[in-house]
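Subject: Structure handover

Hello,

Here is the structure I promised you. Please open it and keep it on screen while you read my notes.

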Amino acid sequence: ACCNKILFHNPLDVDIIIFRSGAFNKLGLYKIALSDCLLAKELSPNSIKLIQITSQVYYNLQEYDNCINISNEGLVIEPNNNILLHYIELSNKKQSGEIIIDPFTWFNSHQSHSHSHSHCSDEE
């Protein structure tokens, strides 16, 4: 809501659009995130932060060719960008049918369950 109020006053603020696209992506609203990414790309086509978010959104949408293409565009700007290289690698593996287990996601999903049974308190 905050971002929408700011955009109402300045609808072409690319930093806010990039921030909002990242937020939508984290919320799993990938198509809305992609809309923001494409709008921001018109305003700031060489923003590496935007390219990284767009790459991640395409990956989350399982549009692996688009993920690879946008990542390669970013690598022209920043050739050793590990985030973009990572999404290219993941997309290539997905396209080849390789099963990918993201250890960070697995660990976090299992941590949240173990914390729900904790009986610790700050008053001890």
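Helix α2 (14-26) gives the most to the lining of the largest pocket: six residues. Helices here are DSSP runs (H or I, at least four residues), numbered from the N terminus. A pocket is an open set of points on a 1 Å grid over the protein atoms alone, where a 1.4 Å probe fits, with protein on both sides within 12 Å along at least five of seven lines; lining residues have an atom within 4 Å of a point.

This is a predicted model: local features need pLDDT of at least 70, side-chain atom pairs count only at pLDDT 80 or more, and totals for chains, interfaces and linings use all residues. Residues are numbered from 1 along each chain as its sequence is written, and side-chain values use heavy atoms, without hydrogens and water.

Back to the pocket. Its lining has 13 residues. Nearest the centre are Asn25, Lys26, Lys49, Ile53 and Gln56. Helices α2, α4 and α6 (82-95) each supply at least two lining residues.

Next, a helix pair. Helix α3 (residues 30-43) packs against α4 (residues 48-60) at about 150°, with the axes 10 Å apart. Axes are lines fitted to C-alpha atoms over the stretch in contact, and angles run from 0 to 180 degrees between N-to-C directions. Contact means heavy atoms within 4.5 Å. Among the contact residues are Tyr30 and Leu34 of α3, and Ile53 and Val57 of α4.

Last, the rings. The whole structure has two aromatic pairs (Phe, Tyr or Trp ring centres within 6.5 Å, using the six-membered ring of Trp). Ring pairs link Tyr59, Tyr64 and Tyr87 into a cluster.

Best wishes

Definitions and conventions. Rings of Phe, Tyr and Trp (its six-membered ring) pair if their centres lie within 6.5 Å; planes under 30 degrees apart count as stacked, over 60 as edge-to-face and the rest as tilted.
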